[in-house]
Structure formats: structure tokens, C-alpha cells
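Me: Hi! Could you walk me through this model in simple words?

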Amino acid sequence: MADTLTPDRLTARHVGAVYRRALLAQIRAITEYPGDFWVMASAGVMWNVLQFAFLTVLFAAVPEVAGWRYHEMLMLSGLLTVAAGSTAILCDGIWSTGQMVLKGEIDYRMTRPAPVVVQVATTHIGMQGFGEVGFGLVMVAYGWIGAGLGPASLPLVLLGIVCAVVIECALITLFCAVNFWIKGPMSNFAFVMLDLQHHAMTMPLGLFPIGVKVVTMFVVPVAFVNFVPVAALSGHLAPWWVIGMPVAAAASVLAALGVYRLGLRSYDSSGH
Amino acid sequence: MTSAFAVDRAFAAIAFKRRLAYKAQWVVALVLGGGAMLVSMAMWRELLAGGALSGYDWDSMRAYIIIGFVTATVVFGAADWQVADRILDGHIAVDLTKPVDFQRARAAEYIGSMVSTVPTVLVGVLGAWLLFDPPGPATPLAGLLTAVSFVLVFPLAFGLTYLTVLVCFWTKRYLGVMWLREALLGFFSGMVIPLAFMPSWLQAVAWALPFPHFTTTPAAIYLGRVDTAGALGLLAAEAAWTLGLWFGARIVFNHAVKKVTVHGG
Amino acid sequence: MPILEARSLTKTFRRPDKTSGFKGAVKHLVQRKYKNYTAVDGIDLSIEPGESVAYVGPNGAGKSTTVKLLTGILRPSEGTVRVMGRDPHTERIANAHDIGVLFGQRTQLWWDLPVEESLKLLKHMYGVSDADYKARIARFDELLDLGEFMPALARTLSLGQRMRADLACALIHAPKMVYLDEPTIGLDISVKDRLRAFLRELVDGGTTLLLTSHDLADIEEVCERIVVIDKGAVAYDGPIQQLKAHYITTKAVNLFLEGPADVDELKLKFPQYEWAAGEAPSEVTVTYESRHFTAAEVLGGLTAELAPRDLSLSEPSIEDVIRRLYAGELTK
């Protein structure tokens with residue numbers, strides 16, 4: 001009764017296939033509640049329409065904020081929205097880590113031949129992500145064209161988007177994994193990070209004290225999600241800063257996987 | 001008097017205590033509200049360094065931002081989920097068999113949960129006061145009327161929240177509805193940017209909605225941007241919205257509850 | 001060579017001694033106080049391929065913790081576990097292919113997805129071939145009637161349906177070693193009967209089974225060997241039949257008399273037996289040592305004297321034995 005495939009170690013191909021199938025199953029399940037899909041997707045769009053409106057209203061009164069102009073600020077907001085919206089599509093389930101630890105729902109996932117982090121990440125899809133990514137891309141494109149950046153910068157924009165998505169997913173995973181130790185149903189650390197990003201990182205870093213810059217670049221590298229790529233594109237930072245994006249992405253992924261793994265080691269299940 | 005509101009008080013007290021149990025939420029609310037406040041302060045200090053914009057100088061903007069923090073903390077920190085969960089998990093069928101008015105009971109609970117955010121507000125305001133030293137109210141009377149408008153925010157927030165929570169009779173989840181409401185509230189209340197910066201047509205849209213009373217009304221009274229008659233007018237409008245939403249919610253609820261009784265929850 | 005071997009398996013939980021919530025957590029970071037609590041205390045267990053082992057004990061005895069240690073969910077504080085020669089925690093992935101797990105209190109179905117989608121996801125996760133998958137689903141359908149709720153969303157299933165679907169999930173990759181923790185909890189009699197028949201078949205097919213249950217009928221019908229644990233340690237380990245033969249030494253007969261039974265009088269008349277009043281006034285239960293008396297002796301004497309209208313024999317119950325084991329009345 002031997003199965004055809006019983007690898008002792010996970011291959012990237014197997015993990016990728018498990019991830020893809022679990023996510024596709026979730027996407028198919030969306031059709032079960034079309035009403036919710038539209039409410040969630042339009043909520044995602046609405047946040048960003050209003051962010052767009054805020055910037056438009058603001059820049060009708062002022063020419064620039066800390067040296068940043070309207071279209072650059074649009075890209076800043078747009079890129080963050082694309083990154084945050086992507087996490088809702090790609091790894092929304094990771095927000096349940098705390099809940100699962102509390103209820104012992106990691107148990108089954110540890111008995112299956114696939115990484116636990118992948119299994120947890122794919123338990124849910126945040127349907128607002130579709131609206132956020134869609135409208136975020138519109139904002140990025142509108143800002144990019146409006147700022148007069150030529151097609152030559154397109155590869156850099158694409159690299160920026162990919163790195164932004166990777167960093168954002170990794171950092172949210174990392175902060176959700178805190179709940180392995182500080183038990184609770186709410187992923188407060190990830191939530192605080194995301195909310196502070198939406199407030200502070202949609203602004204030029206020059207507004208804030210130097211400490212903020214250091215922390216967002218070198219401690220919790222959220223600056224590499226949107227600030228660094230847009231600043232490098234628009235000349236606020238030297239071009240060589242773009243090297244930092246893939247570096248930050250790799251570091252964030254390694255840190256997130258490491259912390260999640262440590263969390264699983266100290267996992268005590270529940271109800272002994 | 002005591003007996004007439006005994007039940008409401010009990011509901012409010014339970015909701016208040018339940019919120020107190022989540023001590024982590026206080027810290028989270030303070031970090032989130034405080035963070036947003038600091039970002040706004042940083043931005044406006046930079047923008048207003050060269051002088052007033054749309055009638056706001058750096059002095060008045062500091063008070064404005066703190067007022068926005070107060071209402072944001074109270075409104076976003078309330079336990080709207082509890083009402084939504086009752087509808088989504090079918091608990092409402094049990095509630096309807098109880099000899100209490102559903103809407104009134106939820107109002108008491110909701111307001112109880114709003115009161116539990118007061119410690120966060122106090123700490124935040126105290127910190128902001130020490131850091132930014134905002135100007136006092138334009139007149140003592142303006143200060144008093146500002147307090148009245150803050151008090152009215154409690155039932156107004158309930159009416160708005162409850163009306164949107166009732167959408168859960170038609171959806172499976174509440175999150176999206178909540179986000180929509182919070183996004184609209186943040187923008188049209190003037191929390192994100194004062195309404196005075198908006199083009200007149202957008203201001204007209206805002207004033208046709210209940211949202212401005214969450215920030216613009218108390219701020220305008222406090223800063224003396226309206227005279228006493230204007231302040232009373234704003235308070236009247238705020239009160240009218242409170243009543244309108246309360247009775248509007250009753251109509252929607254009666255309609256929605258037919259769904260429950262027909263489909264058995 | 002045993003398929004599963006645990007040596008002096010111990011799990012001590014270090015519980016932070018703190019108040020809950022964020023403030024408590026922060027305080028705890030500064031003070032660091034812990035309480036220790038030993039859930040599993042030096043258990044030795046060895047299971048040969050094809051065995052079906054019942055793992056029983058009172059609530060809080062450490063059953064679930066043992067299962068979690070054996071399946072690699074928890075790391076042992078001391079001692080070792082080997083499943084097919086591997087450490088199930090550090091070699092989690094390789095081990096996963098060989099084991100199937102069911103926790104009756106929880107589901108492993110994807111809550112918002114149809115049952116069929118969950119099974120398909122597991123098929124791919126375990127790398128089960130299409131042909132094997134089809135054959136196994138057909139068999140599960142035949143024995144567990146999966147078909148009727150394959151398209152249903154997991155959250156809409158009844159408890160019995162959910163448990164059958166979970167069983168299919170645990171077995172879809174034909175694991176060699178299967179752990180079932182309370183697989184019949186909360187189910188009604190007809191579903192229980194079905195599950196037991198299914199498990200019996202599984203064991204007959206050569207699968208090794210470790211089962212915990214509060215329902216001793218599960219154990220008697222499915223398992224041959226029983227391990228009783230109490231307070232984290234093994235209290236008995238051996239064949240169920242032997243446990244019965246060894247400890248069930250008394251038998252009982254219910255007598256239904258024509259008139260009301262006078263228990264005190266009967267005690268005087270037949271002091272060699274134990275007497276107890278029955279449910280009805282005319283009913284009486286007599287208990288005797290089967291080592292000293294034969295049924296013929298007992299019944300011959302009693303029927304001649306009392307002329308009962310009717311009588312019934314009570315089946316010896318393993319439940320009594322285990323209850324007495326828990327109570328510490330019996331020792332190995």
C-alpha cells in the first residue's frame with residue numbers, strides 16, 4: 001500500500017503546491033458568500049479612495065509635505081496598500097495564529113507533512129485584499145505617471161512591489177508568531193504594526209525624529225515596504241538604496257520563519 | 001428613576017467590566033490612538049510652520065488633533081463586535097425571548113464599553129497636553145458646550161454603529177461593514193483632515209451625513225469657530241441625528257427580524 | 001521490532017505563574033515565576049505492528065498529553081519516543097506520512113470548505129496517488145457513508161458526520177500507525193456502532209491502533225490490549241481478556257421473586273453470597289465468587305428454595321474493573 005510519494009524531507013515544489021492548492025480552495029469558497037466578497041472588497045477600495053481623497057484635498061492647500069509632492073505621496077500610499085492588501089490575499093490565515101495556539105488548533109497541523117506556517121497562512125483569505133491591491137495599483141500607476149517617471153523605472157517599480165509584498169507578509173507573520181509566547185486571541189503586535197504603518201509610513205520619514213527613521217529602516221524594516229522604493233525612484237534617496245529592498249526582504253523572511261519555528265518548539269497545545 | 005434604568009445600568013456595567021478584563025486593549029488603543037495623533041502633529045507642524053491654512057494655525061490645530069483623538073478612541077474602542085456576534089451566531093433568537101428591549105439593551109452595553117475607553121482617553125489627553133500644550137477653549141461656555149457635544153457622541157455613535165451592524169442580518173461577516181463605516185467616519189468627520197480644507201461640494205456631502213459631529217462639531221465649538229448660536233445649532237443637529245438614527249434603526253430592525261423569525265435564525 | 005516505543009516518557013509543563021493579559025505578561029517578563037505540573041510521568045510503552053491498544057485513564061490522567069507526545073506535537077521533557085525508529089518531533093515530516101491522528105474534540109476539516117475539498121487538500125499534502133485516493137474514498141463511502149455529505153461545508157455537518165469525515169481525513173494516506181483520541185465522544189449509539197465496526201476492520205487489515213476513550217464499549221469491541229494510566233503513570237498493561245479473567249472474579253444473578261424480597265432474611269439464609277436489593281421490591285441481586293461456586297451450584301440451590309418467577313445474568317463488566325483500578329483498589 002506504499003504511496004508513490006513519501007519524501008522524508010519537504011521539497012520546495014511540494015510546499016509550493018500545497019500552498020497553491022490551499023489558497024485556491026479558499027478562493028473557490030468565496031463564491032459561497034458573494035455578498036461578503038463585495039462588502040469586503042469595497043471596504044478595501046473605500047479606505048484607499050478616501051486616502052486618495054485626503055491627499056488630493058491636502059495638496060490643494062499645500063504644494064509639498066517635507067519636500068514630497070502629491071504624486072510621490074500617492075505612490076507612497078499606493079505601494080503600502082498593495083503590500084498590505086497582498087498579505088490579506090496571500091497569508092491572511094496567519095492572523096489566527098494566536099487563536100490557534102490558544103485553542104490547540106496547531107495540533108493537527110503538526111501531524112501533517114507540510115510546514116505549519118504554510119498551513120496556518122492559508123486557512124483564510126481577506127477579501128478586502130482584492131479591492132486594496134486593485135486600487136493600490138491604480139494609485140501607484142497614477143502617481144508614477146503624474147510624477148513623470150519614465151518607463152525606464154518600470155523594472156524598479158516591479159521589484160519594489162515584489163519586495164514590498166514579501167517584507168509585509170514576513171513581518172506580519174513574525175509579529176503574529178509573538179502569540180506563541182504572549183498568549184491571546186488577538187494578534188495585537190501585528191495589528192499595531194499595520195496600523196502604525198498606515199499612519200506613519202504614508203508620510204515622508206523626514207517629518208519624524210531620527211529615531212523613527214532608524215527603527216523603520218534597521219529594526220522593523222517597514223521603510224523598505226514603501227518609503228525606500230518610492231524615495232529612491234523619486235530621487236529623495238540615493239539610487240543604491242534599492243539594494244536594501246531584497247536584503248530587507250530576505251532578512252524579514254528568515255526572521256519570520258525562525259521565530260515561527262521557535263514558537264512551534266515552545267508550543268504546549270491546550271487542555272492536557 | 002432608579003428602577004426605570006436599573007436594567008440599562010446593569011447591561012452597561014457588565015459591558016464595562018468585560019472590556020476592563022482585556023487590559024491589553026487599553027495599551028493597544030493608546031499606542032494606536034497616540035501614534036496616529038503624533039503623526040498628525042508632525043505633519044501639521046511642518047505644514048503650518050509658514051502660517052495658517054484654511055483658517056487653522058498651529059495653535060488651533062493642536063487642539064483640533066487632540067479632540068479627534070478623543071472621539072476616535074471612544075468610538076473605535078467600543079465593543080461593536082458583541083452586537084454583531086449576537087446576530088451572526090444566532091444568539092439573537094434567545095435575546096428576543098427575553099423581556100428586555102433588544103436595541104435598548106445593546107445601547108446600554110455599547111455605551112458601557114465606550115465608557116471603558118475613558119482611561120485610555122485620559123492618559124492620551126494628559127500626555128498630549130504635556131507634550132503639545134494646546135490652547136484652552138475659546139470661552140468657558142464654549143468649553144461647556146464642547147463637553148455636551150462629547151456626551152452626545154455616545155448615543156450618536158451607538159445609533160450609527162447599531163444601524164450598520166444590522167447589515168449582518170444579510171451578510172455572514174461583520175469585518176467589511178465595520179471597515180466601511182470606520183473609513184467613512186474617519187474621513188467625513190474631519191479626523192483625517194479638517195472639513196475646511198475640502199472643496200465646498202465635499203463639505204456639503206459631509207454635512208449631509210452624521211459624521212462631522214464626531215470631530216468637526218466639538219472642535220468648531222471648542223475653538224470658537226462658531227458663536228454660541230451656531231454652537232447650539234450644531235448641537236441640535238447632533239441631537240437630531242441621534243434621534244433619527246435611533247428610530248431609523250428600529251424600523252430596519254423590525255424589517256430584519258422578520259428574516260430571523262421566518263428562517264428560524 | 002516494535003512500531004512504537006516510548007521510554008520513561010515524561011512531560012512537565014512549566015506554567016507561568018502570572019495573572020492573564022498584557023499587564024500580567026509584562027510583569028511576568030520582569031519577575032519570571034513558574035509552577036511545574038507533570039502531566040505524564042515516566043511512561044514506558046511498546047507497541048508491536050498490528051496491535052490495537054486501548055489507552056484509558058480518568059480525566060486529567062495524561063491521556064491526551066501522551067498522544068500528543070507520541071504524535072510529535074509536543075516535545076518530551078524527558079525520555080524518548082520512537083515511531084518506526086524515528087523521533088516524531090524532530091523528524092516531524094517523515095513521521096507524518098506514517099501516522100494518522102484524530103482528536104475527537106476537534107476537527108481537522110477546513111471549516112469554510114466542502115468536506116471533499118479538505119480531503120483533496122490532504123491527498124495532495126500526503127502525495128496520495130489518484131488511484132489510491134479513489135479506492136480509499138470508495139471504501140470510506142461504503143463503510144462510513146461519506147458520499148451524502150461530501151459536498152457540504154464542514155461547518156454545516158452534524159457531529160456524527162463530522163467525526164466520520166475526520167476519520168477519513170486521518171486515514172486518507174493509509175497510515176501504518178493510527179492514534180484516535182476519543183473518536184466516539186458525543187456520538188449517538190448507531191453512529192458509535194458503525195465507527196466501531198469500521199475500526200475493527202481497520203485493525204483486521206493490519207493497521208496499528210492506539211485508542212483513548214471514555215466509552216469502554218469502544219475498547220472492548222476494538223482493542224485486544226489495554227493500558228490503564230493514572231496520575232501520569234501506567235497502572236496496568238496487558239490483554240483485556242486477562243484483565244477480565246484476573247479481576248472479574250465475581251458474577252451476579254438477578255432474581256425476580258413472586259412476592260417482595262427480604263434481603264436481610266436472604267443474607268442470613270445464604271451467607272456465602274452477597275445480596276443486594278434490586279430496582280423493584282420483588283427483585284434481588286445475588287453476587288458470588290466464581291472461583292468457589294459454579295453457576296449450577298448457585299442457581300440449583302436458590303431456585304429450589306426461592307422459586308423465582310424469572311432470572312437474568314449480569315455480564316461481567318470491564319467498567320467495574322477499571323473503576324476499581326482508578327480507585328486504587330487493585331494493583332498490577
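Here is a short chat about the chains, their contacts and some helices.

Reply: Happy to! This is a predicted model, where local features need pLDDT of at least 70 and side-chain atom pairs count only at pLDDT 80 or more, while totals for chains, interfaces and linings use all residues. Residues are numbered from 1 along each chain as its sequence is written, and chains are lettered from A and ligands numbered from 1 in the order in which they are written.

Me: What about chain C, how many of its residues touch chain A?

Reply: For chain C, 36 residues are in contact with 29 residues of chain A. H4(C) brings the largest share of that side of chain C, five residues. By class, the side of chain C that touches chain A has 19 nonpolar, 10 polar and seven charged residues.

Me: How is chain C divided into domains?

Reply: Chain C has domain 1 (4–245) and domain 2 (249–315), with bounds from an automatic or database domain assignment. Their C-alpha centres lie 44 Å apart.

Me: New topic! What does UniProt list as "transmembrane region" in chain A?

Reply: The unreviewed UniProt entry lists several stretches of chain A, including 37–62 and 74–95. UniProt positions are given in the numbering used here, feature names are shortened, and annotations may be inferred rather than shown by experiment.

Me: How much of those two stretches is helix?

Reply: Residues 37–62 of chain A are 96% helix and 0% strand, with end C-alpha atoms 37 Å apart. For residues 74–95 of chain A, the chain is 77% helix and 0% strand, and the end C-alpha atoms are 28 Å apart.

Me: Last one: at what angle do H8 and H9 of chain A cross?

Reply: The axes of helix H8 (residues 154–176) and helix H9 (residues 188–200) of chain A cross at roughly 145 degrees and come within 7 Å. Axes are lines fitted to C-alpha atoms, for helices over the stretch in contact, and angles run from 0 to 180 degrees between N-to-C directions.

Me: Which residues meet there?

Reply: A:Leu171, A:Ile172, A:Phe175 and A:Cys176 in H8(A) meet A:Phe189, A:Ala190, A:Met193 and A:Leu194 in H9(A). This contact has eight nonpolar, no polar and no charged residues.

Technical notes. Helices (H or I, at least four residues) and strands (E, at least two) are DSSP runs, numbered from the N terminus. Two residues are in contact if their C-beta atoms, placed from the backbone, lie within 7 Å. Ala, Val, Leu, Ile, Met, Phe, Trp, Tyr, Cys and Pro count as nonpolar, Asp, Glu, Lys and Arg as charged, and the others, Gly among them, as polar.
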